[in-house]
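Me: I would like to learn how to read the features of a model one at a time. Please take me through a few of them.

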Amino acid sequence: MLNLFKKIFTTGVVTENYKTPYDEELERLGIEIKRRIDQKFSGSLAIRQVDAGSCNGCELEIHALNNPFYDVERFGIHFVASPRHADILLVTGVVSRHMQTALLRTYDATPNPKWVIAMGDCASCGGEFGISYASCGKVSNVIPVDMTIAGCPPSPLVLLKSLLALMEKQK
Amino acid sequence: MNWKVNFLMRLDEEAIFVKSEPSNQFELWQIDDNHWQRFAELAAENKFRWAAGFAEQMDEQFYVHACFEKSGDYVLLRAAINVSKPEIPSQATVYAAANRSERHTHDMFGIEFLNHPDPRCWTRHKAWGKHDYPLRHEFPVQGSPAEITPPDMGYHFIQSHGVGVYEIPVGPVHAGIIEPGHFRFQAVGELILNLEERLGYIHKGTEKIAEGRTPEGLAKLAGRVSGDTCVSHAWAACMAMEQAANVEISKRAALIRGIFAERERIANHLGDIGAICNDVAFTFAFMQMMRLKELWCRTNYELFGHRFLMDKIIPSGVSVDVNEAASAFLLTEIQELRAELSQIMPALDLNSSLEDRLYTAGYLSPETAAHFGTLGFVGRASGQNFDVRRDAPYAPYDSVAVKVALEDQGDIASRFWVRYKEINASLKLIEQFIGQLNELPEGDLVADWKTPEVGSFGLGIVEGWRGEIISYVRFGENNTIARFYPRDPSQLNWEALEKAVLNNIVPDFPVCNKSFNCSYSGCDL
């Protein structure tokens, strides 16, 4: 037990500070916001992640958001276990045809108002997989999308900035 | 090599005639399709491991392949069958490992595996018709999908009856940040009586869309077969292409590939050790390991431009050098990681609550592991003493001594500690590779590409972080890909998971699952 506490105290706090990005930075990071979060929701976002056909690269970076460097929960952002609890669907990957109905049902199960983020090149434009007999291509071919984040995969930093920008109070 | 002579004699006695074509890394044996099952029986008697199965179409013929391994030697078995009567005896009757692979081949090509123990579809849900086969030449890449593909409701799961027996259907959309798949549990109280997996939800047509790509395009796609294995999958695909094109990569490029593959192994193992602890609510280890993994990924980004090293392995070489400054940084980082782990791991080893949850849970016996041809750390935690890097070494592993971590307890704790041992072994390997790298001049990263002959093929076999990856590539005209099949280790390990969770409690499923950490994407293709 002493080992454990010693390691906790010697590690200290590694969490880093991040500011909300502005328009120019958003463009540079490949973030496109089509509709901002309602002011009432800013400061508290419940996200339901849906892998609709990703290679699992994006999932690794979403996991990284919860590591002590980014510590996404301090911004009021947390990942929930059910679409019923969610304000946002964070969709990764092209939408495989076998996941199409599952994604539509998840979307329907999310209460209004809701926002959809298409994360990564596959989700925002089709990426390496595109449209085929097995894939519907980008997420907006299946459900309406409010924000796209480019990158293969987008880094946790870009992801975090996207969420902060989405929550930024409308001017 | 002696076993091959003996085995060929044994086949001769059975009147199974083999047309043999030796190659550098494996041998191609062609037999008559009637003998397909008998061959498997003899192979099983001789303790061959069934490693991969796939098919391809060439004009009016289907070629069915099965890859076997014994003592580090690979044999690629092939039989030709006519498109008008696509039937071949099943090997799944002999090798359980061949079960889902043959069902996949059936769904994609319409090849009937006679006497197959499980005639249900596997990869196909409802995106294409029962009598359409996406990998046949006449099937267009775009297919003719409905506007909304309905869910597959007709799949017959194993039924159970009895007082107090109930079912828990889980997925495809899971409660965590995880890939989609369906699990059907039958339970009594909290005890799992049976688990059945239903995958194929993220079938993205990887094999079909690989056709017609350039070598560079295929390397990119292979890096996305399973994102967490982007280095090793790209390596396996490039190795297959290089074999086909008869291109030899430079020593420097091989060493850099080795460094990247070991870095990938370490990153994933760090994450997994943390995640296993998180699944038993031991947050200390989770946060510490995620911190170390983040630092590791940041180094990848700063030195090589990508956090997971995606697209750094390209046909005939690598796209980025590990220069002197980078080497020095990597060596310092290795020392730092060792120091960190030497503080964290004893705290985990002595923790009784962790012990309580990890020991004896999710037990996979060595027999079951062998039965399903279980690979990588899952196999090695259940006594399967196999590692491509040691048993069938390829550059740069042929220049170093690879120490293979082994445990035989078969529980979650074994899979946990095997990972830790593998991290240590990988750190040593990186140090050795960097030592060799420093003796070579910088540059010389990409060898000259030679356009491969039409029909030339290769089999790339590498040890990814999850275990042995086998990639088959055949070239068509004008330097384009005619067939690509990647066999991720998950395809075999998934079946072993069904057995490992039996008699565990349902709430322990997440940690059992995490201790295997199979890829859905690498399995569904």
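Me: In the hairpin of strand 4 of chain B and strand 5 of chain B, which residue takes a positive phi?

Reply: This is a predicted model. The residue is B:S71, with a phi near 50°. Two residues lie between the strands of that hairpin.

Me: How many bridges join strand 4 of chain B to strand 5 of chain B, and do the strands run parallel or antiparallel?

Reply: Strand 4 of chain B and strand 5 (residues 73-82) of chain B run antiparallel and are joined by 10 bridges.

Me: What is the pairing of strand 3 of chain B with strand 4 of chain B?

Reply: Strand 3 (residues 49-58) and strand 4 (residues 61-70) of chain B pair in the antiparallel sense, over nine bridges. Here B:A55 has B:V64 of strand 4 of chain B as its bridge partner. The hairpin of these strands has two residues between them, and B:D59 takes a positive phi near 50° there.

Me: Now helices. At what angle do helix 7 of chain B and helix 8 of chain B pack?

Reply: In general, two packed helices are described by the angle between their axes and by the distance between those axes. For helix 7 (residues 251-279) of chain B and helix 8 of chain B, the angle is about 160° and the axes are 7 Å apart. Angles over 145 degrees count as roughly antiparallel, and the two helices are therefore roughly antiparallel to each other. The crossing of helix 7 of chain B with helix 8 of chain B is left-handed.

Me: Which residues make the contact?

Reply: Helix 7 of chain B contributes residues including B:I266, B:L270 and B:I273, while helix 8 of chain B contributes, among them, B:F286, B:M289 and B:W296. By class, the residues of this contact divide into 13 nonpolar, five polar and two charged.

Me: How many residues of chain B are in contact with chain A?

Reply: 50 residues of chain B are in contact with 42 residues of chain A. Helix 4 (206-210), helix 5 (215-222), helix 8 (283-304) and helix 9 (324-349) of chain B each give two or more residues to the side that touches chain A. Helix 8 of chain B gives the most, with six residues. That side of chain B divides into 28 nonpolar, 13 polar and nine charged residues.

Me: What are the confidence scores of the model?

Reply: The model scores ipTM 0.92 and pTM 0.94. Chain B has an average pLDDT of 93, and 99% of its residues score at least 70.

Key:
Residues numbered from 1 in each chain as written. Chains lettered and ligands numbered in written order. Predicted model: local features only at pLDDT ≥ 70, side-chain atom pairs only at ≥ 80, totals over all residues. pLDDT = per-residue confidence, 0-100. Contact = placed C-beta atoms within 7 Å. Helix = DSSP H or I, 4+ residues; strand = E, 2+ residues; numbered from the N terminus. Nonpolar A, V, L, I, M, F, W, Y, C, P; charged D, E, K, R; others polar. Axes fitted to C-alpha atoms, helices over the stretch in contact; angles between N-to-C directions. Parallel < 35°, antiparallel > 145°, perpendicular 65-115°, else oblique. Left-handed = near helix turned anticlockwise from the far one by under 90°. Pairing = 2+ DSSP bridges.
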